[in-house]
Amino acid sequence: MIFCVPVLHSEGRLITDTTDNGKDVATLGGGCFWCVEAVFEHVRGVASAESGYMGGKHHNPSYEAVCTGMTGHAEVVQVTFEPAVISYREVLEIFFAVHDPTTLNRQGNDVGTQYRSVIFYHSPEQVATAKDVIATLTSDNVFDSPIVTEVSPAQTFYAAEAYHQAYFARNPTQPYCAYLIAPKLAKFRRQFTSKLKPIS
């Protein structure tokens, strides 16, 4: 994101594995977590999309600390989904369509390791699928430059501060949301019409 707001970060919920009750978890970093979360909140079969931090060396990081790029964490979204409705492969296909996986540690004007393209896998099946999707996108020349997406084992997930959750839904007219997230969401809606949740 373009700016950082100092906020005290309380002890967060830690998630280190997939869930049960017929649901699975994908943990994805594709730049600003507001953008990724906004997309997956609209995907049919997704029970929840939660912004947070993963992949760093400090316990319970704050947004302010992650913004420095010094903690090693990536901004991620932990997507809880129903595999009977949407597969992990389909989740990844959406992920690759809504961010640029060819720019190292950058998404547009958001620059730093916290904005890296990354898939944190939770099982051998997930890492195999991730590598296969990347290989397919590469062989099909979907992108003009090589994919630099990191594929790493899941670490402890730290939920982001409450004001980050459902940020776009609550702040659609905020400049970052209006000028950067809204067009990305509109593109997703056009490209993945069959994957959209019904309008309630």
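Q: How many bridges join strand β3 to β4?
A: In this predicted model, where local features need pLDDT of at least 70, side-chain atom pairs count only at pLDDT 80 or more, and totals for chains, interfaces and linings use all residues, strand β3 (residues 46-54) and β4 run antiparallel. Residues are numbered from 1 along each chain as its sequence is written, and side-chain values use heavy atoms, with hydrogens and water left out. Strands are DSSP runs of E with at least two residues, numbered from the N terminus, and two of them pair if DSSP finds at least two bridges between them. Glu 50 stands opposite Gln 78 in β4, and the bridges joining β3 to β4 number 8.

Q: Why is strand β4 described as largely enclosed by the rest of the structure?
A: In a regular strand the side chains alternate between the two faces of the sheet. In β4, Ala 74, Val 76, Gln 78 and Thr 80 on one side and Glu 75, Val 77, Val 79 and Phe 81 on the other are all buried, meaning under 20% relative accessible area with a 1.4 Å probe, protein chains only. Strand β4 (residues 74-81) is largely enclosed because its buried residues number 8 of 8.

Q: What percentage of the residues of the chain count as buried?
A: The chain holds 6 helices (DSSP runs of H or I, at least four residues) and 9 strands. Of its 200 residues, the buried share is 48%.

Definitions and conventions
Buried < 20%, exposed > 50% of the residue type's maximum accessible area, 1.4 Å probe, protein only.
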